[in-house]
Amino acid sequence: MAPVSDFEGSFRQMTKPNISVKLRRWGGVRRRIFFLGILALLVSIATLSRFYSIRSRFISDTLCNHVNIECQSGFQSETGIAVETVVNKIRKEMNEMRDMPIDSSAETIVSRYSAFLADILGLIESLQAAGNPQENSEIRAVHPLVGRKQLPDGPAEFFLIEEIRKYVRIKPNRLGKQNFMGANGTFTSIGHACFAMKKDIEEYMDYDVGEICKDDWKLAQKLMVHGCDPLPRRRCFARAPQLYSKPFPINESMWKLPDNRNVRWSQYRCKNFTCLASNTTRKGFFKCADCFNLSDHELPRWIKQVVSDPEMNLTADFLIPEVLNIKQGEIRIGLDFSVGTGTFAARMREFNVTIVSATINLGAPFNEMIALRGLVPLYLTINQRLPFFDNTLDLLHTTRFLDGWIDFVLLDFILYDWDRVLRPGGLLWIDSFFCLKEDLDDYLEAFKMLRYRKHKWIVVPKLDKDDREVFFSAVLEKPARPFR
């Protein structure tokens, strides 16, 4: 037994140094990781305290923060030194970890921690770049239009809710060079009116990340209509109906009222589609009070003419077949910029034309209704440039939207944007535009300035306003306008 004991003792003496060396080695690594974790925590606390100090100072001196970089120097220096110290220490530890002799069994763990430290380093450097506008100029994303005396993150500093500050700030590319789009960062934007509606936009962006959004689409639409458009993206899940059922098949959905369970009715006066469809005698929610009445009101539209003046047999309605015959076989895709439930797109689909319907929810679920019919809704206000490239659409149709309430200068901007997206030879269909008689010549002049070819052009009385208003309808063709 003694020889065996001697052998075991010798084996323990031989292996003990190796084990102790490994323990000391990994103990040192763990100590370094623990030390770096403490540093990261301190940086987080310093950054948080810096944010609140910036916020309080911003409240007292907004103009200084927006324009003058020198105003920042008083409260940047200490945090900048601390961040630089942490960055240097992390780099030193990463270099030492690369030079350490490591067993193959531990290589995976070490590489994992190295990647973790690299991510922390990238985060701290981005914070350092955001806090020191004059440093890291090579890898820092700066907006091309920002002058030397301006802060590139100035818009973010205007708001107090951290989520909107994060959204508005410029996001530098992690590789420190231009991306495939030719930009050195991502420049997210919000509408300029968001600054005038600060309380509303901060309420809209005040949510718990990763949770369900508040039922606040009405607030969002209020912001959009009043110029806070586009809205910022959010990191919360949109609310859905409690008992959503699959939509009807496409051969049924076009002319059948959808299932009530597929809409959130909490923000609408009507709580089901039957209520909306029967609301033909009251204008409680929008200009299109009978758009949900598919069987009686919507079904004959653009297929059967409605005579506005029976005595003179005049009508402002043009039929889809006669319009498509103007450019036979050439109309394939288009946009309907109107207030409605997608009936124009449904009818055009029967003629093998794809139409996107742009509208907002003016007191009723227009977008939900269009989608449930199997059509494409575009949730878009009149404030925004159309999200289409130049010279791409065959047809642009509008009805019950651009009327005599609209400002002449705004109408100019809209018409020129419509001209931009229409292809040469494309058709602009103005459908039952109504205005006061005394304003008619001014509005007609706006359309004439496009210098389109007139295929159809008619003005008829609007009989429900004591003969004070008129309807104007036209089908116009965009000219080629070759470069000269």
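**Burial, contacts and helix length**

Author: The model is a predicted one. Glu 163 has a relative accessible area of 11% and belongs to helix H6, residues 162-168.

Reader: Why is Glu 163 called buried?

Author: Buried requires a relative accessible area under 20%; Glu 163 has 11% and is therefore buried.

Reader: What makes the pairing of Glu 163 and Tyr 207 a polar contact?

Author: The limit for such a pair of N or O atoms is 3.5 Å, and the side chains of Glu 163 and Tyr 207 are joined at 2.7 Å. Beyond four places in sequence, Glu 163 also touches residues including Met 205, Val 209 and Arg 235.

Reader: How do you know that the length of helix H15 agrees with its number of residues?

Author: Helix H15, residues 408-421, has 14 residues, which at 1.5 Å a residue should span 20 Å; the end C-alpha atoms are 20 Å apart, so the two agree.

Reader: What makes Asp 407 a cap of H15, and at which end?

Author: A side-chain oxygen of Asp 407 lies 2.9 Å from the backbone nitrogen of Val 409, at the N-terminal end of H15.

Reader: What covers the buried residues of H15?

Author: The cover includes strands S3, S6 and S7 and helix H16; Leu 411, Ile 414 and Trp 418 are among the buried residues of H15.

Technical notes
Residues numbered from 1 in each chain as written. Predicted model: local features only at pLDDT ≥ 70, side-chain atom pairs only at ≥ 80, totals over all residues. Heavy atoms only, no water. Helix = DSSP H or I, 4+ residues; strand = E, 2+ residues; numbered from the N terminus. Expected span 1.5 Å × (residues − 1). Buried < 20%, exposed > 50% of the residue type's maximum accessible area, 1.4 Å probe, protein only. Contact = heavy atoms within 4.5 Å. Polar contact = N/O pair within 3.5 Å; in protein donor to acceptor, adjacent residues only side chain to side chain.
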